[in-house]
Amino acid sequence: MSAQSKHTPGPWSVETVSPFQDEIVSDETVFTIAKMAWCRPNSKLSKANAAFIVRAVNSHADLLAALQNMLDVYLTPRDRTVRMAADKQARAAIVRATQP
């Protein structure tokens, strides 16, 4: 994948196709991004893995923006209000990344 390539747009979600398969899909397109299949029906581990992938993808932009903002704010002199806004942004991104 080159630096110029684009990934399937988000947000992504998990759809149960059968007791033996879930799919990770884009909410904006008709594409299936990944198929999660397993031998045991409704595998909790596989479902958790699919949910983790979707959370990582869906929170990526927020986490990156918050990290970039934190670096900007904390590496250059700023007033307390700007730092508090950066803290709030970072905490909101963490919540999005950690909620199922």
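Which residue's side chain meets E23 in a salt bridge? That would be K35, at 3.6 Å, N to O. Before I go on, a reminder that this is a predicted model.

So, E23 and K35. The pair links distant parts of the chain, with E23 in strand β2 and K35 in strand β3, residues 32–37, 12 residues apart. E23 is at 12% relative accessibility, and because buried means under 20%, E23 goes down as buried. K35 is exposed, at 57%.

D22 and K47 meet through their side chains at 3.0 Å, N to O. D22 lies in β2, residues 21–26, and K47 in helix α1, so this bridge ties together parts 25 residues apart in sequence. D22 is buried at 2%, while K47 is partly exposed at 25%.

Then there's R96 with D62, where the closest N and O atoms are 2.7 Å apart. Here we go from helix α2, residues 80–98, to helix α1, and the two residues are 34 apart. R96 is partly exposed at 39%, and D62 is partly exposed too, at 31%.

R96 comes up again with S59. S59 sits in α1, residues 44–75, and is buried at 1% relative accessibility. Setting aside neighbours within four places in sequence, S59 contacts R96 and A97.

Note on methods: Residues numbered from 1 in each chain as written. Predicted model: local features only at pLDDT ≥ 70, side-chain atom pairs only at ≥ 80, totals over all residues. Heavy atoms only, no water. Helix = DSSP H or I, 4+ residues; strand = E, 2+ residues; numbered from the N terminus. Buried < 20%, exposed > 50% of the residue type's maximum accessible area, 1.4 Å probe, protein only. Contact = heavy atoms within 4.5 Å. Salt bridge = Lys/Arg side-chain N within 4 Å of Asp/Glu carboxyl O.
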